[in-house]
Amino acid sequence: MCCRWAKKNLPRPSRGVDLADNLVAYDARNLQIPDRELMRSGHLACPGCGAAIGMRQALKALGPDTIVVIPACCWAVINGPYPYHSLEVPVIQVAFETAAISAAGIRAALEIQGRNDVTVMAWAGDGGTFDIGFQSLSGAVERNDDIIYVCYDNEAYMNTGIQRSSATPYGAWTTTTPTDSPKAEPKKNIVEILVEHRIQYAATACISHPEDFIRKLQTAKSIRGAKFIHLWISCLPGHKVEERFSIKLARLAVETGVFPLYEVHSGTRYTINHEPTFVDVAEYLKLQGRFRHLQEADIDRIRHNIEWEWQRLRLKVEMGRRLPLPPVGAIAGVQPGRFES
Ligand SMILES: Cc1ncc(C[n+]2csc(CCOP(=O)(O)OP(=O)(O)O)c2C)c(N)n1
Ligand code: SF4
Ligand SMILES: [Mg+2]
């Protein structure tokens, strides 16, 4: 175990840390989560992988009548080879840049068959969403294709060995942004970009808040048209974190304000779903080897960026409240009368 951490240049397990000291822990005994399991054990993810946890939660939300479309990414491996695969729903693997359009094509074929009871979920990484699959996603959203698109975001191209993507945050180490020149650009705001497409429903979610994620997927399932969920996940080798801190790290992403939980209906109505306790971001950064090189001045800059992003988010909530109801034609798929009720 020790050699393994040393080899990967990971922080060693610190025996003094007790998960109970986690300021942001909540009582897991009261979670309301569907019992049904559609993901078997024996999958091929790294231990503690947030992408595996996220898929398990997603299928609990959507149920067995779901087709999952997966482009090149860690999940193309995690499911395992047929007949030893881990998911109990149909899965189709598609080319890296085609998750959204492949899902839309499957949805169209189901519609021809009159099968409106089947949900089609595209499940792609940040590289396949923010960068390489973006044109296909943008097209599907603009056409209001009836799919749920979940981007599980581990903030780099992990499957090919941790290269930077446009979802990688400012200051992070990756193999293409080494510690002497870490990422200098901010993370792309993918939800904001899709909101500007006037998407019917967009939301953020995190594996540490499964009830929130499950509710958002169920909301998405109830809406016809394009829906997008941006799911933050922990990635142990990519973030350089010990396995046992997978959920703690995800909670800290939310509670420090780094990753706000919110949803946007009809491209205008923003709702913040969870008010963080705003734990100092240093707690989040110091848990991860990928930020170990940061100086106090860098951490200060990150603190200020969080404050600034939260001010913007709160203004968007306010703007959505003040704006009159959108006219017909302003939002994809909105029919006369929809907002009056
Ligand atoms: C067109 C194309 N370019 C590059 C690749 C190689 N490739 C496979 S998976 C992957 C990384 C995917 O990153 P991301 O979408 O973030 O998913 P993750 O691996 O992090 O789960 C890359 C670059 C490919 N399969 N196809
Ligand atoms: S590299 Fe990261 S996302 Fe990929 S299987 Fe491992 S923990 Fe999961
Ligand atoms: Mg990734």
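The following legends describe close-up views of a predicted model.

In this predicted model, local features are given only at pLDDT of at least 70 and side-chain atom pairs count only at pLDDT 80 or more, while totals for chains, interfaces and linings use all residues. Residues are numbered from 1 along each chain as its sequence is written, and chains are lettered from A and ligands numbered from 1 in the order in which they are written.

**Figure 1. Overview of the protein.** The protein contains twelve helices and eight strands; helices (H or I, at least four residues) and strands (E, at least two) are DSSP runs, numbered from the N terminus. Of the 341 residues, 45% are buried. A residue is buried if 20 or more other C-beta atoms lie within 10 Å of its own, exposed if 12 or fewer, and partly exposed in between, with C-beta atoms placed from the backbone. Among contacts with a separation of 6 or more, 70% join residues 24 or more positions apart; two residues are in contact if their C-beta atoms, placed from the backbone, lie within 7 Å.

**Figure 2. The largest nonpolar core.** This core has 90 residues, and those with the most contacts inside it are Val 69, Trp 123 and Leu 231. A nonpolar core is a set of buried Ala, Val, Leu, Ile, Met, Phe, Trp, Tyr and Cys residues joined through C-beta atoms within 7 Å. Helix H2 (residues 50–62) supplies the largest share of the core, eight residues. Not counting residues up to four places away in sequence, Trp 123 touches Met 55, Val 68, Val 69, Ile 70, Trp 75, Val 150 and Tyr 152.

Figure 3. A residue is near a molecule or strand if its C-beta atom, placed from the backbone, lies within 6 Å of it. The residues surrounding ligand 2 include Cys 46, Cys 49, Cys 74, Asn 154 and Cys 235. This second shell divides into ten nonpolar, two polar and no charged residues, and helix H9 (residues 236–239) gives the most to the shell, with three residues.

**Figure 4. The packing of helices H4 and H6.** Helix H4 (residues 99–112) and helix H6 (residues 134–142) pack at an angle of about 40 degrees, and their axes are 6 Å apart. That angle makes H4 oblique to H6. Axes are lines fitted to C-alpha atoms, for helices over the stretch in contact, and angles run from 0 to 180 degrees between N-to-C directions; angles under 35 degrees count as roughly parallel, over 145 as roughly antiparallel, 65 to 115 as roughly perpendicular and the rest as oblique. From H4, the contact involves Ala 99, Ala 100, Ile 101 and Ala 104, and from H6, Ser 136, Leu 137, Gly 139 and Ala 140. Six of these contact residues are nonpolar, two are polar and none is charged.

**Figure 5. Helix H10 and Trp 232.** Ten of the ten residues of helix H10 (residues 246–255) are buried, so H10 is largely enclosed by the rest of the structure. Lys 248, Arg 251 and Glu 255 are among the buried residues. The buried residues of H10 pack against H2, strand S5 (201–206), S6, H9 and H11. Trp 232 lies in strand S6 (residues 227–232) and counts as buried because 27 C-beta neighbours lie inside 10 Å. Leaving aside neighbours within four places in sequence, Trp 232 contacts Asp 153, Cys 206, Ala 250, Ala 253 and Phe 259.

**Figure 6. Backbone features in loops.** Most residues other than glycine have a negative phi, and most peptide bonds are trans. The peptide bond from Tyr 82 to Pro 83 is cis, with omega near 5 degrees, and Pro 83 is placed in the loop between helix H3 (75–78) and strand S2 (91–93). Asn 144, a residue other than glycine, has a positive phi near 60 degrees and lies in the loop between H6 and strand S4 (148–153). Glu 155, which is not a glycine, has a positive phi of about 70 degrees; Glu 155 is found in the loop between S4 and helix H7 (190–195).

Notes:
Nonpolar A, V, L, I, M, F, W, Y, C, P; charged D, E, K, R; others polar.
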